[in-house]
Amino acid sequence: MDKLERYAEILDSAALHARATPQLTHTDPDLSVADAYRVQQLSVDRRLARGERRIGVKMGLTSRAKMLQVGVDEVAWGRLTDAMLIEEGTAMSRARFVHPRVEPEVAFLMKAPLAGKVTAAAALAAVEAIAPAMEIIDSRYENFKFALSDVIADNTSSSGLVIGSWNNPAMDFSNLGVYLEIDGEVTQIGSTAAILGHPLRSLVAAARLVSEAGEEISAGDIVMAGGITAAPNLAPGQTVRTTVQGLGSVMFQVEA
């Protein structure tokens with residue numbers, strides 16, 4: 001087993017058993033972004049070998065604030081599987097995660113493949129529908145601390161997703177108001193414009209980055225566009241709801 005395969009095993013085991021692990025860059029500070037993406041692929045391949053099915057991709061570091069915070073000028077991406085899906089309106093088990101947080105997002109449902117360098121118009125033409133959504137992010141690293149290579153290797157912290165009702169993408173979704181409620185109290189307020197200025201730019205970036213990895217976004221795939229606000233911690237007993245102007249609401253509960 002080479003170094004990258006060993007890292008993939010460590011991160012897969014941490015996710016599978018909801019157990020925190022030290023940052024990879026603590027012992028390997030020169031871990032490159034390219035190697036980190038290889039670790040991500042190897043780690044997700046282990047999930048697929050256990051019977052999970054790939055259902056799309058997620059985008060991360062899509063806000064300027066997060067880019068500045070991490071010190072990068074490029075978004076990151078990760079892979080989604082069916083085991084991450086949480087049915088809207090149901091409960092997720094807090095015990096499945098290390099230290100989960102929630103981000104309000106929008107999700108795209110694709111009706112046609114998308115790959116390589118594409119225009120925003122071409123990206124939109126490949127979209128079947130758009131929905132309000134939430135992503136459960138859960139870094140497998142101790143104290144939710146990581147460098148860029150760490151988070152990419154860890155599938156960009158992607159752990160779960162909840163998707164609301166699908167809507168016609170012909171509407172203008174460039175600057176829709178968004179708010180996140182926990183137990184009926186609004187805790188975060190934002191706009192879809194926080195996603196690279198327009199969520200379609202995230203989809204354009206996804207097509208390019210996924211293509212660079214030798215893959216494509218396929219018809220039927222879900223693309224999570226990226227976090228809109230800060231990500232609050234999740235605790236048992238909470239009811240979490242995100243509302244996106246013109247798109248509706250999406251909700252889930254947290255159980256022990």
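Trainee: Which residues is Gln-23 in contact with, once you leave aside its neighbours within four places in sequence?

Mentor: Those are Tyr-141, Lys-145, Phe-146, Ala-147 and Asp-150. Contact here means heavy atoms within 4.5 Å. Bear in mind that this is a predicted model: local features need pLDDT of at least 70, side-chain atom pairs count only at pLDDT 80 or more, and totals for chains, interfaces and linings use all residues. Residues are numbered from 1 along each chain as its sequence is written, and side-chain values use heavy atoms, with hydrogens and water left out.

Trainee: Why is Gln-23 called buried?

Mentor: Its relative accessible area is 13%. The cut-off for buried is under 20%, exposed is over 50%, and partly exposed is in between (1.4 Å probe, protein chains only). So Gln-23 counts as buried. You'll find Gln-23 in the loop between α1 and α2.

Trainee: What makes the link between the side chains of Gln-23 and Asp-150 a polar contact?

Mentor: The distance is 2.9 Å. A polar contact is a pair of N or O atoms within 3.5 Å; within protein, one must be able to donate a hydrogen and the other to accept it, and residues adjacent in sequence count only if both atoms are side-chain atoms. The side chains of Gln-23 and Thr-25 also make one, at 3.4 Å.

Trainee: How do you know that the span of helix α1 agrees with what a helix should give?

Mentor: Helices are DSSP runs (H or I, at least four residues) and strands are runs of E (at least two), numbered from the N terminus. Helix α1 covers residues 3-16, which is 14 residues. The expected span is 1.5 Å times one less than the number of residues. That gives 20 Å for α1, and its end C-alpha atoms are 20 Å apart, so the two agree.

Trainee: What makes you say the buried residues of α1 line one face?

Mentor: They are Leu-4, Tyr-7, Ala-8, Leu-11, Asp-12 and Ala-14. Seen down the axis of α1, they fall within an arc of 160°, so they line one face. The arc is taken from the directions running from the helix axis to the C-beta atoms. These residues pack against α2 (24-27), α3 (33-49) and α6 (148-153). At the N-terminal end, Asp-2 caps α1, with a side-chain oxygen 3.2 Å from the backbone nitrogen of Leu-4.

Trainee: What makes the phi of Ser-157 worth a remark?

Mentor: Most residues other than glycine have a negative phi. Ser-157 is not a glycine, yet its phi is positive, about 65°. Ser-157 lies in the loop between α6 and β6 (158-163) and is buried, at 4%. Leu-196, also not a glycine, has a positive phi of about 55°; its relative accessible area is 11%, so Leu-196 is buried.

Trainee: How do you know that β3 and β11 pair?

Mentor: Two strands pair if DSSP finds at least two bridges between them. β3 (residues 91-93) and β11 (residues 248-255) have three, in the parallel sense, so they qualify. Met-92 has Val-254 in β11 as its bridge partner. β10 (residues 239-244) pairs with β11 in the antiparallel sense over six bridges, and Arg-241 stands opposite Met-251 in β11. In the hairpin of β10 and β11, with three residues between the strands, Gly-246 takes a positive phi near 85°.
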